[in-house]
Amino acid sequence: MRNFYYYLFFVIFVTSCAVNPYKKTEKIYDEKLKSLQETISNKESVTLPMVNNFKITVEPTYSDNLLNIKDSISKMELTILRNGVNTEWIGTVNFNLRKPNFIILHHTAQDSIQQTIKTFTLARTQVSAHYVIGDDGRVVQMLNDYLRAWHAGNGSWGKNTDLNSVSIGIELDNNGSEPFSDLQINSLLALLTKLKKDYNIPVQNIIGHSDIAPKRKVDPSVLFPWKTLAEKGFGVWPDEELEPAPADFNVEQGLRIIGYDTKNLPAAISAFKLHFIQSELSTTLDEKTINTIYSIYKKQ
């Protein structure tokens, strides 16, 4: 009888150990997950060079949406696949948050930063951005960099067709017909300095809304100082002395390699000019336009 109890105890012990052999790694998973949840929940202001700190009240709907996202990333329920197989859960200890790889610049096309903030805090508008920069240089962060804002909409850049999932959106308080202020651009440069360092974003991946959505969007406007940004290391700009493009240079292919969607070639040409020429926005492929496309093509 004593041997029977020893055997029973041994069976129970082995069975209990077999229930979750990954208990230790699951604990590490939970700890890392909690740390990442704290990261995306952080709403502390960050000091940027030449920029004062501002704080705005956070709407309850933000917290509600964040809670939903937390629930999603920590979900460990089993799923039944179409072939009848059940997925099983074993948490890995090797993971982190996905990092953004693009920065997309916009102008708000509204009359004030207050109006834009209101737009981004109303659920019915279905639009948002990570940052809004006021005409006076004020910088308001509205979403953690690791989370997906709704600023890019339908568009593409190269093979990327869901830019919202891989980008940070920055809105500049500007109605589209006025110059951008020095204070605003200085704050933008300070913010880009931080973001480029934090996420190692390639120079070529700092682009405008009009670049990813030719014809549909024209922001930031023709008055935006892309050349100034490129000189500071944010984006590319044509050479001062344009090298003539080879006679066999394929303009459409060049635009595609840069990133433009050329299904509507005239729209792509116009969007390219909005960014890199800015003196005229026609769809004409003159010598200057072709050579400018070639210059940017070589920088990819």
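Eight salt bridges are present in this predicted model.

| K227 | E240 | 3.3 Å |

E240 and K227 form a salt bridge with their closest N and O atoms 3.3 Å apart. K227 belongs to helix α7 (226–231), while E240 lies in the loop between α7 and α8 (251–258), so this pair ties together parts that are 13 residues apart in sequence. E240 is exposed, at 63% relative accessible area, and K227 is partly exposed, at 34%.

The loop between α7 and α8 also contains D239, whose partner K299 lies in the segment after α10 (287–297); the pair therefore ties together parts that are 60 residues apart in sequence. K299 has a relative accessible area of 27% and is partly exposed; D239, at 31%, is partly exposed.

The strands form an open sheet of five, in the order β3-β2-β4-β1-β5, with mixed pairing. β3 (139–141) and β5 (206–208) each have a single partner strand, so one side of each edge strand is left without a neighbour in the sheet. On average, neighbouring strands are turned by 25° against each other, direction ignored. β1 (residues 102–107) and β5 run parallel and are joined by three bridges, with I104 opposite I207 in β5. Helix α5 (residues 182–199) lies across β1, β2 (131–133), β3 and β4 (167–172), and runs at about 175° to β4.

How values were computed:
Residues are numbered from 1 along each chain as its sequence is written. This is a predicted model: local features need pLDDT of at least 70, side-chain atom pairs count only at pLDDT 80 or more; totals for chains, interfaces and linings use all residues. Side-chain values use heavy atoms; hydrogens and water are left out. Two strands pair if DSSP finds at least two bridges between them. Helices (H or I, at least four residues) and strands (E, at least two) are DSSP runs, numbered from the N terminus. Axes are lines fitted to C-alpha atoms, for helices over the stretch in contact, and angles run from 0 to 180 degrees between N-to-C directions. Contact means heavy atoms within 4.5 Å. A salt bridge is a side-chain nitrogen of Lys or Arg within 4 Å of a carboxyl oxygen of Asp or Glu. Buried means under 20% relative accessible area, exposed over 50%, partly exposed in between (1.4 Å probe, protein chains only).
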